Amino acid sequence: MADWLAALDRRAALRAKAGLTRTLRPRAAGDPMIDLAGNDYLGLATHPEVVAAAGRALAGYGLGATGSRLVRGSTDVHHALEDELADWLGVERALVFSSGYLANLAAVRGLVQPRTLLVSDAHNHASLIDGCRISGAETVVTAHVDVDAVAAALAAAPGRPAVVVTESVFSVDGDLAPLAALHAVARRHGALLLVDDAHALGVTGPAGAGAVAAAGLAGAPDVVVTATLSKALGGAGGLVAGPAEFVRHLVETGRTFIFDTAPPPAVAAGVRAAVALARTADDLRAELADRARHAVRRLGAAGLTVSAPDGAVVSVTAPGPEAATAWAADCRDRGVAVGCFRPPSTPDHRSRLRLTLSTGVTRADFEHALEAIVECAPQSRTEVLP
């Protein structure tokens with residue numbers, strides 16, 4: 001009976017040998033670490049207005065929603081948040097989920113009908129990949145941000161319903177998908193476009209409405225948008241936004257909506273306050289953009305290979321998984337938290353540090369963090385590909 005546990009131990013040993021061990025590190029309240037690993041882009045997670053709104057809802061509704069949205073979990077706070085999100089994104093309706101992961105699973109599955117072809121970018125987030133797998137639909141994975149490859153995949157399936165699936169700002173390197181070109185190709189072939197706007201919402205676009213809005217696609221009848229409420233909005237949960245008919249379809253058929261407990265009302269209230277702040281935070285978005293440019297210049301000048309971000313994600317190449325782990329640990333010892341991405345979490349088998357910038361970090365701390373990253377960098381700057 002213990003054989004299965006021994007097998008797990010052997011697999012863990014193999015991961016450790018390859019530098020792929022993952023460890024949970026509890027964070028205390030008031031943790032002094034300079035955070036370039038979290039996703040609180042606008043520093044709203046601890047904003048007084050956000051915390052106060054959550055506190056009022058906590059006192060009024062209690063800790064949890066007590067049920068799924070279709071049972072007793074829908075409150076006026078959830079509906080007010082959805083109305084606010086729909087108005088911000090310029091769509092007919094928005095639907096809130098308890099996580100962005102579940103929102104993506106629901107969106108992909110909800111767009112699939114018999115014979116549907118899914119055309120998915122090679123760098124898509126795991127939640128989109130899993131959504132494609134769970135849907136049971138045929139999926140063609142195309143080269144990263146390759147519009148011609150998407151067009152070829154659609155042209156090879158004439159007459160079939162199809163969905164082009166992409167992130168906007170990609171979570172690995174922070175680069176931006178060519179959304180307008182992808183939409184034009186999709187429309188030419190009668191396909192839909194599904195965009196995960198998680199790393200762009202609040203960071204880019206008019207009033208921070210995201211990359212879909214920036215591309216002029218807000219409210220398009222053949223575009224569905226997903227995002228999380230846990231990044232620039234500093235809360236928790238996810239959303240699907242688009243035509244009213246599609247949102248109704250998810251309410252009535254979406255398994256990750258129907259069978260999941262609703263997000264706590266206090267979180268929904270805090271996120272709604274964060275949305276109001278994010279819509280008027282052009283100064284914070286300008287600061288994020290300036291920091292991204294500065295990080296690329298400073299790290300590049302030190303001989304590091306750095307992505308050119310279109311949002312607030314900066315990717316720094318590491319020589320390999322063990323070097324990336326050691327680099328992140330050395331930064332942590334200097335009081336700087338950075339993301340450490342290694343296979344299989346990376347789509348191209350490259351290891352990297354991922355820096356997610358936040359205006360909640362002071363400029364002085366940000367500069368100190370960049371210096372620590374440079375000083376802790378491995379000797380070899382060249383990635384060894386398999």
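**A serine in a loop**

Reply: Ser168 sits in the loop that links strand S5 (162-167) to helix H8 (179-188); helices (H or I, at least four residues) and strands (E, at least two) are DSSP runs numbered from the N terminus. Bear in mind that this is a predicted model, where local features need pLDDT of at least 70, side-chain atom pairs need 80 or more, and totals for chains, interfaces and linings use all residues. Residues count from 1 along each chain as its sequence is written, and side-chain values use heavy atoms, leaving out hydrogens and water.

Ser168 counts as buried because its relative accessible area is 0%, the cut-off being under 20% (1.4 Å probe, protein chains only). Its side chain makes a polar contact with that of Asp197, at 2.4 Å (N or O atoms within 3.5 Å, one able to donate a hydrogen and the other to accept it; sequence-adjacent residues count only through side-chain atoms on both sides). Setting aside neighbours within four places in sequence, Ser168 also touches Asp175, Leu176, Ala177, Leu179, Val195, Asp196, Ala200 and Ala211, among others (contact: heavy atoms within 4.5 Å).

Now for the sheet. Four strands make an open, mixed sheet in the order S1-S10-S11-S9, pairing meaning at least two DSSP bridges. S1 runs parallel to S10 (336-341), joined by 3 bridges, and Ile34 has Val336 as its bridge partner in S10. Helix H14 (321-333) lies across S9, S10 and S11 (352-356), at about 170 degrees to S10 (axes fitted to C-alpha atoms, for helices over the stretch in contact; N-to-C angles from 0 to 180 degrees).

Key
Buried means under 20% relative accessible area, exposed over 50%, partly exposed in between (1.4 Å probe, protein chains only).
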